[in-house]
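Let's take a walk through this structure together. Keep the sequence and the 3D view open as you read.

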Amino acid sequence: MPLLLGRAPGVEWGFAATAMAGQSRSGDRQLVHPVRGGTLLAVADGLGHGDEAADAAARCAKVLMGSKSGRVIPLVRTCHDALIGSRGVALSLAVLDVASRELTWLSVGNVRGVLVRADERTVPPREELLSRGGIVGLRLPALHASTLSVEAGDLFVMATDGVDVGFVSSVDTHLGPAELATALLAQHGGATDDALVFVARLLGPLSDAAPAARAR
Ligand SMILES: [Mn+2]
């Protein structure tokens, strides 16, 4: 039985995180939040570390948790406005449209994201979230969202820059979300920065009502 940390429309998810050595609070935050037509998944990394970084990430999370919109560009703009005067954050987010099985994602700064297909014959078998440089709250780049069609079992993984980029190629699709997040953090996390790995497995349309009927 895989560990499960949470379930929301269309996804089951887990995460693993550590604060930088010597810090009591992490500046990295993950969240899952139901929005119109789907589920919002996000990871924010407050600039630097310590309290100010943690406060910026917490403010960003609060704004997102208060939103009902599932439109990623307005969501990032709203976060930017709310974070002016703070340290600012790197932010990656995605909205899963449960009915159409589309994932729309957007990234500003260095929170990496990758979608790994459950069916390895899919071309390409994994896709990385393209990020534009910038800092939400300080300097927004021109925002560009992209939409992917997804299938039940696909994995969406996000990690902050305290995790080395090699995590992208070590995603084992057979692990549960919390197990995978823990394994990736152990393998690729460091002690010189806050580090967080968030994993969401996309579920089939029936699985919210009847988990046992899940295709895999
Ligand atoms: Mn960081």
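A salt bridge is a side-chain nitrogen of Lys or Arg within 4 Å of a carboxyl oxygen of Asp or Glu. Before we use that, note that this is a predicted model, where local features need pLDDT of at least 70, side-chain atom pairs count only at pLDDT 80 or more, and totals for chains, interfaces and linings use all residues. Residues are numbered from 1 along each chain as its sequence is written, and side-chain values use heavy atoms, with hydrogens and water left out.

By the salt-bridge rule, the count comes to 10. One of them joins glutamate 12 to arginine 7, with the closest N and O atoms 3.2 Å apart. Glutamate 12 also meets arginine 201 in a salt bridge, at 3.4 Å from N to O. (Strands are DSSP runs of E, at least two residues; helices are runs of H or I, at least four; both are numbered from the N terminus.)

The word means under 20% relative accessible area, while exposed is over 50% and partly exposed is in between, using a 1.4 Å probe and protein chains only. Arginine 201 is buried too, at 11%, whereas arginine 7 is partly exposed at 35%.

Now for the aromatic rings. Rings of Phe, Tyr and Trp (its six-membered ring) pair if their centres lie within 6.5 Å; planes under 30 degrees apart count as stacked, over 60 as edge-to-face and the rest as tilted. This rule gives two aromatic pairs. Tryptophan 13 and phenylalanine 198 have ring centres 6.1 Å apart and planes at 25°, so they are stacked. Tryptophan 13 sits in strand β2 and phenylalanine 198 in strand β11, so this pair ties together parts 185 residues apart in sequence. In the other pair, tryptophan 105 and phenylalanine 156 have centres 5.6 Å apart and planes at 50°, which makes the pair tilted.

Finally, find the manganese ion. Asp45, Asp161 and Asp193 coordinate the manganese ion through OD atoms, at 2.2 to 2.5 Å. Donors here are N, O and S atoms within 2.8 Å of the metal (3.2 Å for Na, K and Ca), and water is not among the atoms, so sites may look incomplete. Aspartate 45 is buried at 5% relative accessibility, but aspartate 161 is partly exposed at 39%.
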